[in-house]
Amino acid sequence: MSRTLRRTLIGLASILLVMNLWMWDGRLPFVGYQENNAHMMILQLIHVVLIVSELLILMLLGRMMTRLRLAKVRIVSSWLLMVTIGVLAVLLDLFWKKSFQFSSLLDAVMPITRNAMPLATALILGGVSSRWLVDLKLNQRIGLILAILLMFLTTTVYNRDLWGLGSGNTILSTLLILSLGALTAEWRPQSKRRLLLAAGGLLAATGVMAMIMPKISIMLHNDMSTASRIASLNNFCLIIVALLLSLALIMPGRLAAEVESVVSDRHNEAYWITLGTVAITQQPLLEQHFIGLAAGHFENLIVKMGLLLASAVIVIIAGGLLRWVGKWLLERTGLMRRLNNWVAALPTSLG
């Protein structure tokens, strides 16, 4: 696969990721739940598709991480990228909106310990833990897969956050999805047709449930508690759909070969582009500016969707440029050599 095509696939995946992260913010109602009409049903179906897309992307990243060596330079560089994005967001807010909060500065310089960018943090931790997961014995991997799926199943059935998974875009939830991708990286299913039929049937059933649940939920409870159980990143059925699709992409075929070239890329472009994308997307300051723009100036749903798509493209380009400029500056100033020497002196143990 050419480098351009590979980047295009990664870019499309990142666009779906950004759309799912920003589109469903409670402060940005694309349509009022009280309307409860066909408009709402279509949005619920879009939500389900975007959720499956994000879950599938994370599982494929988890599979890719099993091939990454435990590089301390990558871990430190990832943290530096997160700090750079956070500081730039604070400066942007200071000079553009004439606003400054000390807590935002703390979030920028301590993004991991203050949980400012949970998805980005989960990607770093996933790169560290994936090597340990892939070395487990088969029965240990199966047991861990069943335990993870049981966590999501109980959360879906009881509609309670029993395990601290939150909305799904948390460190723990993301790390569990990445782990599913890593634990199934070496599986080779026998029938691609059966996987696709099972995934398609379950997706269709869940999609129908998501479309009709808002009406049922409001009729029975006068809220969206039942509907939110279906259109959720922690939904057991949607996780199974994404897992089946990820397994289908392992099996021989043209699409599988193209996905494999992305997963096995020695430059780790998928990792770096995704890391930059989620780090920017989860910046509260930038998210608030986007929500204020979309909610305050545009009423038409199609216009809002177009604005969201354009914003996603800008976020991905900005993340890639920041990574490239940062690497270029480090190499030109000789700081990259010093960074490598300093990181080489760090202990190799996870502790």
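In which hand, left-handed or right-handed, does helix 6 pass helix 7? The views below come from a predicted model, and the first of them takes up this crossing.

**View 1. The crossing of helix 6 and helix 7.** Helix 6, which covers residues 138-158, passes helix 7, which covers residues 171-183, in a left-handed crossing. Their axes come within 10 Å and cross at roughly 145 degrees. On the side of helix 6 the contact is made by Arg141, Leu144, Ile145, Ile148, Leu149, Met151 and Phe152, and on the side of helix 7 by Ser173, Leu176, Ile177, Ser179, Leu180 and Leu183. These contact residues divide into 10 nonpolar, 2 polar and 1 charged.

**View 2. The crossing of helix 3 and helix 12.** The axes of helix 3 (residues 72-96) and helix 12 (residues 269-281) come within 9 Å and cross at roughly 30 degrees; the two helices are therefore roughly parallel to each other. Their crossing is right-handed. Helix 3 contributes Arg74, Ser77, Ser78, Leu81 and Ile85 to the contact, while helix 12 contributes Tyr271, Trp272, Leu275, Gly276, Ala279 and Ile280. Of the residues in this contact, 7 are nonpolar, 3 polar and 1 charged.

**View 3. The largest nonpolar core and the surroundings of Ile239.** The largest nonpolar core has 77 residues, and those with the most contacts inside it are Leu55, Leu61, Leu123, Ile177, Leu180, Ile239 and Tyr271. Helix 2 (residues 38-65) supplies the largest share of this core, 14 residues. When residues up to four places away in sequence are not counted, Ile239 touches Leu55, Met59, Leu149, Phe152, Ile177, Leu180, Leu233 and Asn234.

Note on methods
Residues numbered from 1 in each chain as written. Predicted model: local features only at pLDDT ≥ 70, side-chain atom pairs only at ≥ 80, totals over all residues. Heavy atoms only, no water. Core = buried A, V, L, I, M, F, W, Y, C linked by side-chain atoms within 4.5 Å. Buried < 20%, exposed > 50% of the residue type's maximum accessible area, 1.4 Å probe, protein only. Helix = DSSP H or I, 4+ residues; strand = E, 2+ residues; numbered from the N terminus. Contact = heavy atoms within 4.5 Å. Axes fitted to C-alpha atoms, helices over the stretch in contact; angles between N-to-C directions. Parallel < 35°, antiparallel > 145°, perpendicular 65-115°, else oblique. Left-handed = near helix turned anticlockwise from the far one by under 90°. Nonpolar A, V, L, I, M, F, W, Y, C, P; charged D, E, K, R; others polar.
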